[in-house]
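Here's a quick tour of a protein model, meant for reading with the structure open beside you. Have a look at it first, then work through the notes.

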Amino acid sequence: MHVVTDASDEEGGERWLDYELSTVPGSRLQVRGALPSFDTPFVAVLGGSETFGKYAQHPYPALLSERIGMPVANLGVAQAGLSLFSDEQVLLDIASKAELTVLQVLGAQNMSNRLYSVHSRRNDRFLGVSPALRELFPTVDFTEINFTGHLISTLRAASDAAFRSLVDELKWAWVQRMRRVLTLIRSDVVLLWISDTASTDPSDRPIESEPHFVDTDMLSEVEQDCLGIVRVALGKSGSLDGKVFPRQEAEAALRLPGDADHRKIAEELSLYVSRFVEEPGEAKGAAGSEDQSFSINSGTAVNRSATRP
């Protein structure tokens with residue numbers, strides 16, 4: 001079942017699905033659901049549209065809270081990339097107070113880098129182009145490009161060699177930005193890889209798959225700075241079931257998880273997270289103990305240190 005509506009408020013807002021937005025103290029950002037008290041134990045979740053739960057009635061952070069019996073602060077921001085989280089110290093300060101932080105692995109295209117810049121909050125919006133990028137793609141007219149998705153598809157079609165140079169820059173910038181974010185979060189961090197293919201192997205996916213351009217080598221470079229990685233493969237169902245959206249956004253709704261997907265994410269994530277938050281003092285203080293990074297596809301596990309270096 002899915003719900004389609006043309007309803008909107010007088011300002012063009014989305015009253016067709018009540019996201020119960022909360023304003024983050026000290027920031028202009030709004031996140032989904034009520035924020036928990038930061039003086040009692042809670043889990044923080046940082047991420048983009050998938051974490052926010054756009055078009056979904058029951059996002060996985062809320063479902064995770066039910067499963068682990070602890071408040072979960074959904075700090076996901078629609079259309080967010082690593083640029084937003086590396087620059088929003090308020091969100092990282094909240095995450096630093098958490099018993100554990102879950103950080104969604106975001107694609108490399110929606111962030112400012114040495115070749116182009118994006119909007120500070122809507123990281124999917126392309127704002128500026130560097131002289132170096134113009135030199136790489138001299139035949140491209142950048143004035144008609146407003147979004148990073150359009151930018152990437154245009155540049156990919158323009159020149160294979162130049163596009164490879166662009167991707168190399170995005171991959172390098174992603175690693176640097178992830179290292180910055182992980183350094184600024186002072187709680188233990190678990191990475192959450194949500195794949196829109198049937199595989200959790202970053203090397204076994206088409207280039208257009210989310211999270212864009214993030215490969216095994218890139219994850220290996222940042223994995224040592226976190227507890228491990230929970231990998232969930234959703235696949236491309238092409239279904240609108242369990243999603244609420246305005247009629248004109250049906251195509252966008254197809255690309256994001258529905259309620260069944262969010263239940264799957266919450267279930268797999270809870271298996272990992274619950275071992276750290278049920279007895280947080282013992283779990284975090286157990287020197288030399290090990291935890292595991294799971295794949296929902298294979299059930300395989302990779303031993304990781306239970307404390308950050």
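"Buried" here means under 20% relative accessible area, while exposed is over 50% and partly exposed is in between, with a 1.4 Å probe and protein chains only. This is a predicted model, so to speak of local features we need pLDDT of at least 70, side-chain atom pairs count only at pLDDT 80 or more, and totals for chains, interfaces and linings use all residues. Residues are numbered from 1 along each chain as its sequence is written, and side-chain values use heavy atoms, with hydrogens and water left out.

**The sheet**
- Helices (H or I, at least four residues) and strands (E, at least two) are DSSP runs, numbered from the N terminus.
- Five strands make an open sheet in the order β5-β4-β6-β9-β10, with parallel pairing; two strands pair if DSSP finds at least two bridges between them.
- At the edges sit β5 (72-76) and β10 (228-233), each pairing on one side only.
- Strand β4 (residues 43-47) runs parallel to β5 and is joined to it by 5 bridges, and Ala44 has Ala73 in β5 as its bridge partner.

**Helix α2**
- Helix α2 (residues 60-68) lies across β4, β5, β6 (100-104) and β9 (189-195), at about 165 degrees to β5. Contact means heavy atoms within 4.5 Å; axes are lines fitted to C-alpha atoms, for helices over the stretch in contact, and angles run from 0 to 180 degrees between N-to-C directions.
- Its buried residues are Tyr60, Pro61, Leu63, Leu64 and Ile68.
- Those residues cover an arc of only 160 degrees around the axis, so they are on the same side of α2; the arc is that of the directions from the helix axis to the C-beta atoms.

**Aromatic pairs**
- The whole structure has 6 aromatic pairs. Rings of Phe, Tyr and Trp (its six-membered ring) pair if their centres lie within 6.5 Å; planes under 30 degrees apart count as stacked, over 60 as edge-to-face and the rest as tilted.
- Tyr19 and Phe52 are edge-to-face, because their ring centres are 4.8 Å apart and their planes are at 65 degrees.
- Tyr19 is in the loop between β1 (3-5) and β2 (21-23) and Phe52 is in helix α1, so this pair ties together parts 33 residues apart in sequence.
- Both Tyr19 and Phe52 are buried.
- Tyr272 and Phe276 lie 4 residues apart in helix α10, about one turn of the helix, and both are buried.
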